[in-house]
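Hi everyone, thanks for coming. Let me put the structure up on the screen, and then we can walk through it together.

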Amino acid sequence: MLRGRGRAWRPGLAALVLALIPAGPVAAVGSATPSPGASPPQPPGQSRSHYLTSVDPALLARTATLDVLDVSTQGMASALVVLDAGSPAGTDGSVRLPDSHLHAEPALVRKAVVAYGKAWRAAKGPALVLVVGTTNYGSFAGGPHGAAWARMVEQVATALPGIDVRGGLDAEQEYSTPLVARSWVEAYDASGTRPYVDFGSCTCPPAPSAPANGWTLEDVYAVAVGDGSAVVLPEIYATKGGNARAWGRVVAWSRQQHPDQPVRIVGALTEAGACTGPPKRSCPGIDLTALPAWGQLTGALGLTTDAGPDLRYLTDISYLPEPPAKHHRVTIGTPLLTALLVLVTGLVSTAALAYVRRGHGTRRRRRAARWRKR
């Protein structure tokens with residue numbers, strides 16, 4: 001069921017903070033120092049990711065066909081695509097679709113994502129990691145939503161054999177307390193078998209201020225690693241390198257504190273497509289494109305020549321390529337909105353009735369005047 005109003009899209013708050021950090025050496029504290037003259041790892045091709053402003057299966061299928069054409073033109077042998085369904089809107093796994101003013105139950109998200117995956121296969125796309133994402137924003141984020149999300153992702157994976165389907169969490173410290181995010185992660189891991197991808201941001205020391213909502217590096221690590229199967233696709237939005245340096249510090253810290261299970265970064269997520277639109281968004285300082293993001297990230301991780309087995313994806317997130325059509329199952333989801341609808345309907349009916357009565361009265365008076373003239 002689709003219902004209610006949604007939260008307008010906005011860039012990650014951590015990315016906005018880190019965009020203000022002055023540019024400087026990108027290499028992470030404790031990371032390997034590139035040798036003079038060493039070349040950075042060659043970037044992979046760039047796939048398209050999307051904010052799910054609609055859950056229309058036909059639209060998602062058309063989008064997948066276009067995306068396959070794009071990656072095939074680049075000669076890519078594998079790709080990662082994030083389908084970001086928005087923020088938690090119910091303990092049953094419902095979400096608020098980005099910029100759509102609609103809520104979607106997990107069954108509708110599942111149908112849309114399955115349509116995308118089937119169209120990808122039909123178009124003979126390369127090997128695909130398909131990430132079905134949500135966030136840790138809002139009062140419904142937490143354990144029950146994580147458990148429901150895991151069950152929905154399992155259903156998507158069952159319907160799409162041959163595609164590496166994973167859950168996704170846009171984890172940002174400004175969105176919630178660490179307890180909320182960690183409870184989502186723990187419930188997700190306990191409720192299914194599909195791993196998830198942390199495609200969030202990190203406000204990590206020495207940023208201008210301490211992480212919001214009481215987060216520590218240990219909390220960031222716990223969300224990034226989960227039960228050990230999770231990987232990170234960090235937001236690398238900041239043109240001055242703040243996002244890359246922050247994640248470089250997290251990786252270096254995790255190697256020191258958790259050498260048996262450090263944070264694993266699989267690539268970079270940019271949002272240049274969402275900034276340029278349509279619809280166009282103002283993203284000053286956080287509109288980095290994919291190739292510079294790759295350079296920032298590999299520099300922060302101290303990588304040269306070989307990016308290693310994990311770091312192999314670049315993807316840029318944007319809106320769906322077509323404006324969403326009005327869905328035939330839209331309903332009003334709260335008593336307040338229902339009451340407002342009844343009130344507005346009553347006012348319109350009253351006004352229409354008054355107009356009709358005035359019209360009838362005018363016509364009667366005109367007929368009477370004509371009769372008097374006769």
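The accessible surface of the chain comes to about 16,800 Å², and carbon and sulfur atoms account for 59% of that. Please keep in mind that this is a predicted model. Of the 374 residues in the chain, 50% are buried. The chain has ten helices and 13 strands. If you take the contacts with a separation of 6 or more, 83% of them are between residues 24 or more positions apart.

As a reminder, strands of a sheet pair through backbone hydrogen bonds, either parallel or antiparallel.

How many residues of strand 12 are buried? Seven of the seven, across residues 313–319, so strand 12 is largely enclosed by the rest of the structure. On one pairing, strand 12 runs parallel to strand 2, residues 46–51, and six bridges join the two. There, Ser49 stands opposite Ile317. Strand 12 also pairs with strand 11, in the parallel sense, over four bridges. In that pairing, Leu269 has Thr315 as its bridge partner.

Let me also point out Ser318, which sits in strand 12. Ser318 has a relative accessible area of 15%, and the cut-off for buried is under 20%, so Ser318 counts as buried. Leaving out residues up to four places away in sequence, Ser318 touches Ser49, His50, Tyr51, Gly273 and Ala274.

Now please turn to strands 8 and 9. Strand 8, residues 164–170, pairs with strand 9, residues 196–198, in the parallel sense over three bridges. Leu169 stands opposite Asp198 of strand 9.

On to the nonpolar cores. The largest nonpolar core has 72 residues, and those with the most contacts inside it are Val109, Tyr116, Leu130, Trp149, Val263 and Ile265. Which helix gives the most to this core? That would be helix 3, residues 106–122, with eight residues. There is also a second, separate core of 19 residues, which includes Val131, Val197, Phe199 and Cys275.

Tyr116 deserves a moment of its own. Not counting residues up to four places away in sequence, Tyr116 touches Arg48, Leu60, Thr63, Ala64, Asp67, Val81, Leu83, Leu128 and Leu130.

Last topic: the cysteines. How many disulfides does a search of the whole structure find? Two. A disulfide, of course, is a covalent bond between the sulfur atoms of two cysteines. With the bonded cysteines numbered in sequence order, the pairing is 1-2, 3-4.

One of the disulfides is formed by Cys202 and Cys204, with their sulfur atoms 1.5 Å apart. Cys202 is buried, at a relative accessible area of 1%, and Cys204 is buried too, with a value of 1%.

The other disulfide joins Cys275 to Cys283, with an S to S distance of 2.3 Å. The torsion about this S-S bond is about -105 degrees, so the disulfide between Cys275 and Cys283 is left-handed. Are these cysteines buried or exposed? Cys275 is buried at 4% relative accessibility, and Cys283 is buried at 5%.

Definitions and conventions. Residues numbered from 1 in each chain as written. Predicted model: local features only at pLDDT ≥ 70, side-chain atom pairs only at ≥ 80, totals over all residues. Heavy atoms only, no water. Disulfide = S-S within 2.5 Å. Buried < 20%, exposed > 50% of the residue type's maximum accessible area, 1.4 Å probe, protein only. Contact = heavy atoms within 4.5 Å. Areas by Shrake-Rupley, 256 points an atom, 1.4 Å probe, with all protein chains shown as cover. Pairing = 2+ DSSP bridges. Core = buried A, V, L, I, M, F, W, Y, C linked by side-chain atoms within 4.5 Å.
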